Amino acid sequence: MKAKTRRILFSLLLVLALVVIAAVMMVIGRGHTVYFDNKTLEDYQGQEYKAFEKVIVTVKDEQVAKLAKRDRGMSIWIGQNFKMILEVTREKGGESEIHEIDLKLPYSVDGIVINLPALLAGLPEETWYSEFVPAVTEEPEEEVPGEGDEFGLGLEGELGLEDGLGDI
């Protein structure tokens, strides 16, 4: 009976260890692609938030993007608590400002787009945050053989059957 009790105990410990590993991976293991837009936000409540002259984005002590006006950069992040440092030059020849940003990333979204002028203006989340949706490109339709004949069999002109029975 002692061997059976030990086997059950080890099985329960193994299941508990797997549950703990799964819980930890669920919290820290979610990967996100974070895109940074330095684009003008037009006509939000009658105001325009202009793109910056230059933005340098640093994530985990590594420069991941150097953005001019209308540029987009990106970074890969694992986890929910995103941290970045922005070095912003608002106008040509102006002084640069340093901003440390901490954001809580949504668990259910893989691609996140952040509009930096709207974020730094302190606007609500729905103005500076959006989900990245890749553009779908339609491929041109290929010409299908036999598309031009009367019954769609592809026999017209290929086998010499145009004039009925051929050479009989």
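Biologist: Hi! Which element of the chain has the lowest mean pLDDT, and which the highest?
Modeller: Hi! This is a predicted model, and strand β2 (residues 41–44) has the lowest mean pLDDT among the elements, at 80. Strand β4 (residues 54–59) has the highest, at 94.

Biologist: And what does the chain average?
Modeller: The chain averages a pLDDT of 82, and 82% of the residues score at least 70.

Biologist: Good to know. New topic: where is Gln80?
Modeller: Gln80 sits in the loop between β6 (71–78) and β7 (81–89).

Biologist: Is Gln80 buried or exposed?
Modeller: Gln80 is buried, because its relative accessible area is 12%, and the cut-off for buried is under 20%.

Biologist: What does its side chain touch?
Modeller: The Gln80 side chain makes a polar contact of 3.5 Å with the side chain of His32. It also reaches the backbone oxygen of Leu105 at 2.7 Å.

Biologist: Which side chain does Gln47 make a polar contact with?
Modeller: That would be the side chain of Tyr49, at 2.7 Å. Leaving aside neighbours within four places in sequence, Gln47 is in contact with Leu41 and Glu42.

Biologist: Last one: which residues form the nonpolar patch on the surface?
Modeller: Leu9, Phe10, Leu13, Leu16, Val20 and Val24 do, with about 580 Å² of accessible area together. Val24 lies in helix α1 (residues 2–28), and Val24 is partly exposed at 41% relative accessible area.

Methods. Residues are numbered from 1 along each chain as its sequence is written. Side-chain values use heavy atoms; hydrogens and water are left out. Patches are made of residues with over 30% relative accessible area and no salt bridge: like charges are joined within 9 Å, nonpolar side chains (Val, Leu, Ile, Met, Phe, Trp, Tyr) within 5 Å. Accessible areas come from the Shrake-Rupley method with a 1.4 Å probe; for residues, only the protein chains shown count as cover. A salt bridge is a side-chain nitrogen of Lys or Arg within 4 Å of a carboxyl oxygen of Asp or Glu. Helices (H or I, at least four residues) and strands (E, at least two) are DSSP runs, numbered from the N terminus. Buried means under 20% relative accessible area, exposed over 50%, partly exposed in between (1.4 Å probe, protein chains only). pLDDT is the predictor's confidence in each residue, from 0 to 100. A polar contact is a pair of N or O atoms within 3.5 Å; within protein, one must be able to donate a hydrogen and the other to accept it, and residues adjacent in sequence count only if both atoms are side-chain atoms. Contact means heavy atoms within 4.5 Å.
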